Each structure stands twice: as C-alpha cells, then as structure tokens.
Amino acid sequence: MKPILKLYRGYANDQELVVMGHVFKPTSKQEYDFQKKNFKNATSIIGMFRIRTIGNFDVYLNIDNQKIHTKTLEDGYFKFCIPLDKSSNYGWINYSVSIYYENEEIIAQGSYILPHAGNLGIISDIDDTFLISHTRNPLKKLYILLFKNVNDRKIFDDVVPHYQALSSAGRPKSLQTGEVNNKEEQNAFFYVSSSEWNLYTFIVKFTELHQLPRAVLLLKDIKDSLTDFFITGRGGHNHKFEKIKHILEFYPNLKYVLLGDDSQHDPFLYENICKIFPITVKAVYIRQTGNSKKEKVENTLQNIATLNVAICYFKNSSEAIAHSKLIGLI
C-alpha cells in the first residue's frame, strides 16, 4: 500500500506562495465518503481521528518548471512558504505536489488563491456561524457529528445568498446574467475554525453541497487519537486569533469582513483584531446563537463600532443581508 498525500487550498500574494498538506501512512480503509448512515457514519468519523501520519517524509512542490523539496514535520504536516515572482494571474490557480514511494511518483493536484489588491477579504468562522453545530451543548454537538452525515447536517437560512453576495461584491458582473464575469476572480474567502485538519474533507464537501464560496481553510493541528476526538473543536482560541492576524498581515491591501457567532470567543477575538488593524476591517457580523443577545457581546460590538467598523449582531442571516446592503457592502 502507498502513503496518502493530502493537499489543502493555498494562498499567495505578489511576493509569496503558501501551500500545505499532510502525508499519511498507508491504510486499507476507504476515505470517508460522508454518505454513510447512523453507526457507519460514527465509525467513519472516529476513524478520521485515528489516522497515522509520516514525519520527515520527502515532499516536492512542482511550480514554474521547478521542483522544490522539503520534508514533513513530526506530525506529517508540510508547508511550503516560497518567494513568488509577480504573477499576471489572479483568482484560483492550480499547483501540484508529489512524493515518491518505491520509485513511484505519487502526485496530488491542489489550488491556491491570489486575490487582486483592493478587493474584499472575507473571514468566517464555521461552527454555528454557517454550519449548525450546537457548540454551546457539547454532548449534542458530539451526537450530531457522529450520527448526522454531510447530507443531514443543517445550514442557517439565508447564509448562502449572503456569502455569495460577499464573494462577488465589487467584482465586474455580466449585464445579461448579473453574475461575476470570471468565477476564478471572486473575493478571497477564508474559513477559520477551531476544528482540526481531520475534518477538512467534511467541511469542503459541506460547503460545496450548499454552494458556499470556495475558500481557504485554516484549521487546527491534526489529531490522531480517540481521546482527541472527544474534545474536537475545543480548547484555546489563540490558534484562530493567530490565523486571522496572519491573513491580515499577508494581505494588507484588502479590506475585511469578519463573520462569527456568540457561542464562544469570536466577538472578543474580532475586537482585538480591529484594534491591531484599525483601518483594515470594514464590518463585523456576529450571529446570536441563544434565545437572547448577550450583554457582554453587545458591549464588545459597541466598542468595535467606535473604531469606525460597521457592526451587526443578528439572529437571522436576512438581517445580515439587509445590513450589508445598507452599508453598501453588497
């Protein structure tokens, strides 16, 4: 059996390209197909947290007629951060990575985004921001993760039209169809979550199923034990803060919209981001997950508003759409 090479969506600016992935040990198990029901779904999900990675394994990035060599880290993760000559292409661009096993080359195809300067960058949380996950109830969250497959998982009403409108905001559109002329050049979207890389394929499948914008995913370090599974998505939120801060530093010429919810720490992370980048964030959207709005969240958002950032604390995405139209975002 051959090692498994898994690529994630990358991103680039005019100076640097960042692409990443994992190398896994061979397995006889089929990749989780997300269609299984009941206990089969549960065993498949748990299996995703029992995968084994290969550390210090040779990996090659194939780009611009050159082969760039690196090795995986101890947990099987690899990341290429390489200088990029100014590109004439914008939008989603293809790349490939290869590994060698018993003199055979194993190639995987991926894509990365290079957004136009001056466009919008949209950064969204996942759980309870667009994917209904019941984060405030850990047992219910675990039950849904185990026993609801990708087709049974629910999305909040009107999230899709809101995200699609943000994706195409400010982009040239066809007079006939009203759609963006070049689908590859839509605004850069990033899904940043406390979920681990183990759930990458599930999240991609879910977003594709619901026609959410194609996005770069930035997740937490991969987990490889059953114990880790039972605390998935929990723990410190410094990871999210650092990832969001990195995006804003990597693309200083974009204007940003931040979307999250009030079930965990999003409002307070976003407040800190707005303080550090006082002219970069245009708007902050926070979904209300409980029956009533939280006073601490309302106070935090009012403080963000004093930094000349538009704020919206909403229960239904239709309110967020109306707000985005009101401030001329979409």
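Tutor: Helices (H or I, at least four residues) and strands (E, at least two) are DSSP runs, numbered from the N terminus. This is a predicted model, where local features need pLDDT of at least 70 and side-chain atom pairs count only at pLDDT 80 or more, while totals for chains, interfaces and linings use all residues. Residues are numbered from 1 along each chain as its sequence is written, and side-chain values use heavy atoms, with hydrogens and water left out.

Now look at helix α3 (residues 159–168), which packs with α9 at an angle of about 25 degrees, their axes 8 Å apart. That is why α3 and α9 are roughly parallel to each other (angles under 35 degrees count as such). Touching residues (heavy atoms within 4.5 Å) are V159, P161 and H162 on the α3 side, and S317, A320, I321 and S324 on the α9 side.

Helix α9 (residues 317–326) also lies across β12 (281–287) and β13, running at about 160 degrees to β13. Those strands belong to an open sheet of six, ordered β10-β9-β8-β11-β12-β13 with parallel pairing (two strands pair if DSSP finds at least two bridges between them). At its edges are β10 (216–220) and β13 (310–314), each pairing on one side only. Neighbouring strands here are turned by 15 degrees against each other on average, direction ignored. Helix α4 (residues 200–209) packs on this sheet too, touching β9 and β10.

Key: Axes are lines fitted to C-alpha atoms, for helices over the stretch in contact, and angles run from 0 to 180 degrees between N-to-C directions. Angles under 35 degrees count as roughly parallel, over 145 as roughly antiparallel, 65 to 115 as roughly perpendicular and the rest as oblique.
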